[in-house]
Amino acid sequence: MKRLPSYIHSSQGKLWLTEDERDNLKISYRIKDVLFEETSPFQHVMVLDSYDFGPMLVLDGVVQTTSMDGYIYNEMIAHVPMSIHPHPRNVLIIGGGDCGAAKEVAKYDCVELIDLVEIDEAVVRASKRYMPEVSGNLSDPRVQYHYEDGVKFAKQARNRYDVIIVDSSDPVGPAQQLFEIDFYRDLHSALKEDGMMVCQSQSPIFHQAVMLQTYEHIGELFTDRKLFTAVIPTYPGGLWSFTIGSKRALPEPNRIRFDKQASYANEEALRSCFSLPTFVQELLKRKETAPSAR
Ligand code: SAM
């Protein structure tokens, strides 16, 4: 095996991936084997076969998705907007190179086009080859792959999409701009008059500033916006947030209908995900009442 990156180490004959979450928090996963490794122009891409989570996609040492729990995130980020929008035909996915979100969107017969804009082709290649539980080895003809920067792609799209899903990595490196208000403004322009967007907005436990900033930016640009959550075992702190912004008023959750085959999402889960824990409600309320810095 080639020289291992710093975040993989061997101890007493066992191989471990250690995620440097924060200054005082590291999370380690015992690894069986390195299935894929490539240094792309954007990041170090690995697929590691782990004992407890199966094959996992790791970008620059950060676990992105795993065969054991990737479906939770991919189903929620896709089915919340797709089950709310009355007639989603054109869908844009920015990021999402593991193809998990695209696999969920493809379950809707009404969808005619899925533009998947992933900056790093190596991620798609690795996910299709080594993570079929997540990617489904996606070969749906409606999926158009664009290996380019989602920030640039969004700038040239006008009034084109019914749903936009921002399935980004953490706000570092190429994903940093995917959390900025100029990008959300371009998404607003890329959406049709009744369009809606959703993005992963980080952890309500460990990344409250990013979550609140995303919530505020989307609130400034869209007619309606809501936060919803799901628990993703391999994400730091487990509890994860998503923010949906819509050019039209969002329906009451009890009006959501869902009839697709899924392992986590169902009609109750898609309705109850908008019921937020008290501490999250209080965080949002404080943000909404705080004099916004001008
Ligand atoms: N679906 C997984 C999850 O559960 O969070 C991870 C998301 S997916 C792997 C994140 C992708 O965003 C990565 O493949 C990364 O290459 C891509 N990405 C980061 N910045 C980007 C940009 N500016 N434009 C397009 N794709 C970008």
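Reader: How many residue pairs are in polar contact across the interface of domain 1 and domain 2?
Author: This is a predicted model, where local features need pLDDT of at least 70, side-chain atom pairs count only at pLDDT 80 or more, and totals for chains, interfaces and linings use all residues. Residues are numbered from 1 along each chain as its sequence is written, and side-chain values use heavy atoms, without hydrogens and water. A polar contact is a pair of N or O atoms within 3.5 Å; within protein, one must be able to donate a hydrogen and the other to accept it, and residues adjacent in sequence count only if both atoms are side-chain atoms. Across this interface, with both residues at pLDDT 80 or more, the rule finds five residue pairs.

Reader: What are the bounds of the two domains?
Author: The bounds come from an automatic or database domain assignment. They are domain 1 (8-64) and domain 2 (70-289).

Reader: Which three residues supply 27% of the area that domain 1 buries against domain 2?
Author: Buried area is the accessible area (1.4 Å probe) that two parts lose on being put together, summed over both. Between the domains it is about 1,700 Å², with 65% from carbon and sulfur atoms. More of domain 1's share comes from these three than from any other three residues: Phe 42, Leu 57 and Gln 64.

Reader: Which residue forms a salt bridge with Glu 38?
Author: A salt bridge puts a side-chain nitrogen of Lys or Arg within 4 Å of a carboxyl oxygen of Asp or Glu. Here the closest N and O atoms are 2.9 Å apart, and the partner is Arg 125.

Reader: What is the volume of the largest pocket?
Author: On a 1 Å grid over the protein atoms alone, a pocket is an open set of points where a 1.4 Å probe fits, with protein on both sides within 12 Å along at least five of seven lines; lining residues have an atom within 4 Å of a point. Phe 42, Asp 60 and Pro 171 are among the lining residues. Each domain gives the lining at least three residues. A volume is the space filled by probe spheres set on the points, and here it is about 210 Å³.
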